[in-house]
Amino acid sequence: MFSNELHYKCRIIKDVENFFNIETIYIPHAQEPKSFPLIEKYDSCFLPGKYFYELNLKRGLKNTKIFLLGNPKFDSLADKYYDKIDTIGICPNTADDFTKYEELIKILKKEFSSYDFILRPHHSDRKFKKWQSLAKSLNISFSHSKKQNVSSFIKEISIMIAGESNIHFEATYLDVKSFYYINNVFLENRDSYKIIENNLTPSFSNFNQLFKLINDYLNEPENNISNVEYYYENFNSIYKF
């Protein structure tokens, strides 16, 4: 059973098991970007939803049993509801521009002074300690992604800002409004998970756009939560959570 399609060790072990006719099963640990390789040579795949399935059908997926599973990692949140707190979560990824995020947080603190802020960088980011220092210098909270799971983090925020990251799915799934920050050339027209194309989250590339998006949302709260169903089969069904 595998949860990572990209790591070279997993791919080698999978090929060895195929050689010895050992049945293989793939359960992805996260949504898959459109640029990732084709899922292949597995006997069975348990996928989150239609997006993942259709993406690999277009690539020529065949001879694999497919089961649409949804997202069981939110099972622990069944029948639990949380008050929305005036807190903005900032979630930079490894490809994001440190300086632009620093500027973003400083400006947000002035524009939304009544809000608290939590900085949560990706755990594999080589700038991780630099992000920690930034949070301390700006006197905002820090979420250590290896110590605090994503569901627990999202419970603490009411708005989230991130770049090219799977965390947009978790936020929207848990009814937290997220905004996609295009902060460098690498992210322009990228949208690897098609979350902008499929209207899961709006994007912005400058602060005025973001302020308008946030204020529009605060004046008329609305989240495209129904669009999550395309990505997670159990959403909005009798099997939700």
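**Salt bridges, the parallel sheet and a buried threonine**

E233 is partly exposed, with a relative accessibility of 27%, in this predicted model. The residue forms a salt bridge with K50, in which the closest N and O atoms are 3.2 Å apart. This pair links distant parts of the chain, since K50 belongs to helix α2 whereas E233 lies in the segment after α7 (207-219), 183 residues away. K50 likewise counts as partly exposed, at 33% relative accessibility.

The structure holds four salt bridges in total, among them a contact between K127 and D125 whose closest N and O atoms are 3.2 Å apart. Here K127 is partly exposed, with a relative accessible area of 22%, while D125 is buried at 6%. Another of the salt bridges joins the side chains of K212 and D216, with an N to O distance of 2.7 Å; both residues lie in helix α7, four residues apart, or about one turn of the helix. K212 is exposed at 54% relative accessibility, and D216 is partly exposed at 38%.

Three strands form an open sheet with parallel pairing, arranged in the order β1-β2-β3, and the edge strands, β1 (25-26) and β3 (65-68), each pair on one side only. Strand β2 (residues 44-47) pairs with β3 over four bridges, and C45 stands opposite I66 in β3. Helix α2 (residues 50-58) packs on the sheet, touching β1, β2 and β3, and its direction makes about 155° with that of β3.

In the loop between α1 (8-19) and β1 lies T24, which is buried, with a relative accessible area of 0%. Beyond residues up to four places away in sequence, T24 touches F2, K14, E17, N18, K41, Y42, D43 and S44.

Definitions and conventions: Residues numbered from 1 in each chain as written. Predicted model: local features only at pLDDT ≥ 70, side-chain atom pairs only at ≥ 80, totals over all residues. Heavy atoms only, no water. Pairing = 2+ DSSP bridges. Helix = DSSP H or I, 4+ residues; strand = E, 2+ residues; numbered from the N terminus. Contact = heavy atoms within 4.5 Å. Axes fitted to C-alpha atoms, helices over the stretch in contact; angles between N-to-C directions. Buried < 20%, exposed > 50% of the residue type's maximum accessible area, 1.4 Å probe, protein only.
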